[in-house]
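Subject: Structure handover

Hello,

Please find the structure below. My notes on part of it come after.

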Amino acid sequence: MRKASIDRKTNETNISLALQIDGEGISEISTGVPFMTHMLDLFTKHGHFNLNVDAKGDTEVDDHHTTEDIGICLGHALKEALGDKKGIKRYGNAFVPMDEALAQVVVDLSNRPHLEFRAEFPSQKVGTFDTELVHEFFWKLALEARMNLHVIVHYGSNTHHMIEAVFKALGRALDEATSIDPRVKGVPSTKGML
């Protein structure tokens, strides 16, 4: 079973997260940040993962620390659950439309962290959620999972739709990249390791 559990406790947040890569799209998520809870639920469903998140943070300040630390925990769990990465496809690419918006996420589980984030959101907030935190989440996710992650919102006018399309595309791209390809012997790299 490709799964991992992470516990992270700081003066700002207390997070328990469990990820199962080969899941059924089942989520049990409590973050104290309603928009992030919604996005993680979408990510889980579209990636066919199982994800449990219990996050408590200083949301009386703002949603920054909770969102950032969930990204850290999810990235760490993904890296741990993948283990030696033998047999995986490694690369994943997904386009997802959401009404007028079109997002694309491309990943390489390369063990070389990089984030390329090409998205400009028309609104600074969705409800009470600061949209600049989307970048923060993806950067910490890429860093901790040690993956090359490209996020592109090709167009859109509704900020909620644009961000929702991004999280759905992330799930689908990671589903592809983490899936086992029976043709792959060892790891999919001429270096012999990822």
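This is a predicted model: local features need pLDDT of at least 70, side-chain atom pairs count only at pLDDT 80 or more; totals for chains, interfaces and linings use all residues.

Residues are numbered from 1 along each chain as its sequence is written, and side-chain values use heavy atoms, without hydrogens and water.

Helices (DSSP runs of H or I, at least four residues) and strands (E, at least two) are numbered from the N terminus.

Helix 1 has 14 residues and reaches 20 Å between its end C-alpha atoms, close to the 20 Å expected (1.5 Å times one less than the number of residues). Ten of these 14 residues are buried, so helix 1 is largely enclosed by the rest of the structure (buried means under 20% relative accessible area, 1.4 Å probe, protein chains only). Among the ten are F35, M39, L42 and F43. Just after helix 1, H48 has a positive phi of about 60 degrees.

Helix 1 packs on helix 4 at about 35 degrees, with the axes 7 Å apart (lines fitted to C-alpha atoms over the stretch in contact; angles run from 0 to 180 degrees between N-to-C directions). On the helix 1 side, the residues in contact include M36 and H46; on the helix 4 side, I163 and F167 (contact: heavy atoms within 4.5 Å).

The buried residues of helix 3 include F137, F138 and L141. They pack against helix 1, helix 2 and helix 4, and also against strands 7, 9 and 10. R146 follows helix 3 with a positive phi near 55 degrees.

Regards

Notes. Buried means under 20% relative accessible area, exposed over 50%, partly exposed in between (1.4 Å probe, protein chains only).
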